[in-house]
Amino acid sequence: MSNVRALIGPSILNSDLSRLYEESQKLLDNGADYLHLDVMDGHFVPNLTFGHPVVKCLRSKIKDAFFETHMMVSKPEQWIAPMADAGVNQYTFHIEPVNNVEDICRKIKEHGMKVGLAIKPGTPVAEVEKYVNISDMILIMTVEPGFGGQKFMEDQMIKVKHLREHYPLLNIEVDGGVGPSTINCCANAGANMIVSGTAVIGAQDQAATIKLLRETVQEAIKKL
Ligand SMILES: O=C(CO)[C@@H](O)[C@H](O)COP(=O)(O)O
Ligand SMILES: [Fe+2]
């Protein structure tokens, strides 16, 4: 795992979205490696958040940070061009509603973005494993997508372990219920990209929490 880096990407979902820029900048100032932006369409998941117009406004104020959009949408192909235009760096989409994953991966790359592939807790890891070679990152959801603040599903770690065992250099992200009390589990299983919403946003000391998450993953990477 020598080239796998511990990266912390806070989710701003449960922050005060009327202050999206200030909250995002604060996270970056406190050590976030990237921002995880949760896009929901009210169809793939029973919730709505924001889309490319909001991401574009955020990008106009934050020039440098790496933006990942977590696309919890039924038609990921529909938002590739607008998200690229909005300045997104990585387009992570769920494979469940998609017929031709390869086609969407190709279009994302053609638009100059990295590709992330996400699976829900009920989706077997084999379903996404077949696309490892055409993606930049695999996201193993550790809650049912749709809402922040849910309980971490430890039983999903078997998928992370499987991927880490077979793909030592793969970027593996976990998302949902991850914070200081669950990071050990994720790190020991082999996750290196950590999304954390409520635990970071609500922390008394954001910088210390982000640091703790990163150091826990760094330690695990050394052991693995
Ligand atoms: O994608 C999602 C939820 O669907 C996540 O990004 C969560 O929003 C992370 O928040 P916490 O579970 O850490 O509160
Ligand atoms: Fe997410």
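This section describes the overall fold, the ligand surroundings and the annotated active-site residues of one predicted protein model. Residues are numbered from 1 along each chain as its sequence is written, while chains are lettered from A and ligands numbered from 1 in the order in which they are written. Because the model is predicted, local features need pLDDT of at least 70 and side-chain atom pairs count only at pLDDT 80 or more, whereas totals for chains, interfaces and linings use all residues.

The secondary structure of the protein comprises 9 helices and 8 strands (DSSP runs numbered from the N terminus, with helices being H or I of at least four residues and strands being E of at least two). The C-alpha trace spans about 40 × 40 × 30 Å along its principal axes. For 224 residues, a compact globule would have a radius of gyration near 17 Å, and the value of 16 Å for the protein agrees with this (taken over C-alpha atoms; the globule rule is 2.2 Å times the number of residues to the power 0.38). Of the 224 residues, 44% count as buried; a residue is buried if 20 or more other C-beta atoms, placed from the backbone, lie within 10 Å of its own, exposed if 12 or fewer, and partly exposed in between. Among contacts between residues at least 6 apart in sequence, 65% join residues at least 24 apart, a contact being a pair of residues whose C-beta atoms, placed from the backbone, lie within 7 Å.

Ligand 1 is surrounded by 23 residues, of which L13, P145, G148, G197 and T198 are the closest (a residue is near a molecule if its C-beta atom, placed from the backbone, lies within 6 Å of it). Two or more residues of this shell come from each of β2 (35–40), β3 (67–72), β8 (193–196) and α8 (198–201). By class, the shell holds 8 nonpolar, 13 polar and 2 charged residues (Ala, Val, Leu, Ile, Met, Phe, Trp, Tyr, Cys and Pro count as nonpolar, Asp, Glu, Lys and Arg as charged, and the others, Gly among them, as polar).

In an unreviewed UniProt entry, the annotation "active site" covers D38 and D175. Although spread over 138 residues of sequence, these residues cluster in space, with a largest C-alpha distance of 10.6 Å. Such annotations may be inferred rather than shown by experiment; positions follow the numbering used here, and feature names are shortened.

D38 lies in strand β2 and counts as buried because it has 24 C-beta neighbours inside 10 Å. Not counting residues up to four places away in sequence, D38 touches S11, L13, T49, H70 and M72. D175 is placed in strand β7 (residues 172–175) and is likewise buried, with 26 C-beta neighbours inside 10 Å. With the same exclusion of residues up to four places away, D175 touches H70, L139, M141, T142 and V195.

Conventions
Contact = placed C-beta atoms within 7 Å.
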